Amino acid sequence: MFKPCFLAPFLICSTFLAGCGGGGATPEAATPLSAAAQVGQLIFKDPSLSASGTMSCQTCHDPSIGHASPFAQAVVDVGPLANQKGLRTPPAINYLKFNGPFKFENGTPKGGFFGDGRADSLAAQAKGPFLNVAEMANLNEAAVIVKLSNATYKDQFKKVFGAEILNDPVAAFDRMAFALERYQIEDADFAPFNSKFDAVNQGQEAFTAEELRGLMWFNRSDKGNCAACHPSTKPDNAPAALFTDFSYDSLGVPRNADIAANSDAGFYDKGLCGPVRLDLSAQTPLCGKFKVPSLRNVAQRKRFFHNGKFTTLEEVVDFYITRDTRATHWYTNALNVFTLYNDLPPNERQNVNTSEGPYNRSGQTAALDDSEKRDLIAFLKTLSDR
């Protein structure tokens, strides 16, 4: 549960430190990267390790915008020739070092890496894109290591992991993933905690009146209720709020016709139960659930949700607060056909979250008016790292 920022019902706290948990992150001197992390940094930036020779990890995870996708389009051109369309929008990967393995906690799925939680560590996640036909599209581990053997830093890799390491493709691929994991854990750019929100939490700056009201709408369960999944208070395992609880939810995001796979009317991307993750495919109540992302740097993103349906933060907030009060607006397709929750098969649309605010207002007015929406967006912009 988030700690509400109120001194009394509907009265916002006068100072953020006093009422909202305090204990924010304190800037620390940069620590030099380990030898393994330095190799991981080189791997992260190297497009030659993809089948097309044009895609690196950094291609889809731009450090200038919170390691999120820099592309205007919903999905990226992928495959051996970089001429195929991907399935999902590349997610932001900042602050993931505070995540953990996938698990069920009192029957509720939490943790895991990727939008469907199919990897249990940063290292396991790092392996995926190299071999995924919808990403870097290498045939196997050996194909990746052949490319690594021709990289300018191959001797540095061997110095760290052994002179003969490149002769064992499986072991070398494992060490590549380890190096990428160390880079994401050690480099402060992946979790800088230096936004305006953090400065306010450290007593160095103050919110504007608009931002402070936005925080109130963010936390209040009868308003934005964002904090239900994106807690604004510090968890036990991080120096400041992460703005995600790493849980999963089915939000009924509208179908995106820009994704090539969606040209097949019978195709559905159902998150936890497929088509990428397969071990939970029989657990129908999980279908449509995707992992809750961190809202840090959310205002810098170019596409939102797993399918990149929306392009602005304003549109996202509109969707949250009017999904069921103006359903025809969101679920009427180009042929003027209305289908509620149209990116799930009919028997799984019941999984969409309609019990929590602000989704539980069908037949009512939206939870936020235009002024409150502007306040909320102003607050969300304080979460951008500097």
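Helices (H or I, at least four residues) and strands (E, at least two) are DSSP runs, numbered from the N terminus. The model is predicted, so local features need pLDDT of at least 70 and side-chain atom pairs count only at pLDDT 80 or more, while totals for chains, interfaces and linings use all residues. Residues are numbered from 1 along each chain as its sequence is written, and side-chain values use heavy atoms, with hydrogens and water left out.

At F243, phi is near 60°, a positive value in a residue other than glycine. F243 is buried, with a relative accessible area of 0%; buried means under 20%, exposed over 50%, and partly exposed in between (1.4 Å probe, protein chains only).

N106 is another non-glycine residue with positive phi, here near 55°. Is N106 buried or exposed? N106 is exposed, at a relative accessible area of 80%.

Now select G274 and P275: the peptide bond from G274 to P275 is cis, with omega near 10°. P275 sits in the loop between β7 (248–249) and β8 (290–291).

Then move to G357 and P358, where the peptide bond is also cis, with omega near 5°. P358 belongs to the loop between α11 (327–331) and α12 (370–381).

Finally, show the whole chain. The chain has 12 helices and 8 strands, and its C-alpha trace spans about 65 × 55 × 40 Å along its principal axes. Buried residues make up 52% of its 386 residues.
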